[in-house]
Amino acid sequence: FGAALCGIFFCLGGNFVMFPTVNAKTFGVKNAAEIYSVLFSGFAVAAIGGAKLSQKFLGALGWGGLINAMTVVALMGLLLLNLL
């Protein structure tokens, strides 16, 4: 578990490095700053909202149910990513 957690945190920085470049290539340099600010603000909203939702689901589903629900959401994200 510790090794997997360290691997996840080790790779997390790659997202922050790639977002400005991919954003500029996708939407153009002219609009990159505005779009990147909205994208980056999404991290703050997701962090707070995700913590609140996790607390609610933990009470209703327990740890096993919460982990299963998070697995389903992650797989749905992977499926949507493959559709792009």
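A volume is the space filled by probe spheres set on the points, with grid points joined across faces, edges and corners.

**Ground rules.** I am working with a predicted model, where local features need pLDDT of at least 70, side-chain atom pairs count only at pLDDT 80 or more, and totals for chains, interfaces and linings use all residues. Residues are numbered from 1 along each chain as its sequence is written, and side-chain values use heavy atoms, with hydrogens and water left out.

**Second largest pocket.** I started here and noted a volume of about 170 Å³. Its lining is made up of N15, M18, F19, V22, N23, T26, F27, I35 and L39. Two elements each give two or more residues to that lining, α1 (2-27) and α2 (29-83); helices here are DSSP runs (H or I, at least four residues), numbered from the N terminus. The top contributor is α1, with seven residues. I sorted the lining into six nonpolar, three polar and no charged residues, where Ala, Val, Leu, Ile, Met, Phe, Trp, Tyr, Cys and Pro count as nonpolar, Asp, Glu, Lys and Arg as charged, and the others, Gly among them, as polar.

**Largest pocket.** Next I looked up the largest pocket, at about 340 Å³. G50, L53, S54, F57, L66, A69, M70, V73 and A74 line it. That lining splits into seven nonpolar, two polar and no charged residues.

**Helix α1.** I checked its span: 26 residues reach 38 Å from first C-alpha to last, close to the 38 Å expected (1.5 Å times one less than the number of residues). Still, I found a kink of about 35° at M18, shortly before the proline P20; the bend at a residue is the angle between axes fitted to the seven residues ending there and the seven starting there. M18 is also one of the residues lining the second largest pocket. Just after α1, G28 takes a positive phi of about 95°.

**Helix α2.** How far does α2 span between its end C-alpha atoms? I get only 25 Å, whereas a straight helix of 55 residues would span 81 Å. Along α2 I also noted a kink of about 115°, centred on G62.

**Y36.** I placed Y36 in helix α2. Y36 is partly exposed at 21% relative accessible area (buried is under 20%, exposed over 50%, partly exposed in between, with a 1.4 Å probe and protein chains only). Its C-alpha lies 16 Å from that of G13, 23 residues apart along the chain.

**Cysteines.** I looked for disulfides (cysteine sulfur atoms paired within 2.5 Å) and found zero.

How values were computed:
1 Å grid on protein atoms, 1.4 Å probe; cavity = no way out; pocket = protein on both sides within 12 Å on 5 of 7 lines; lining within 4 Å.
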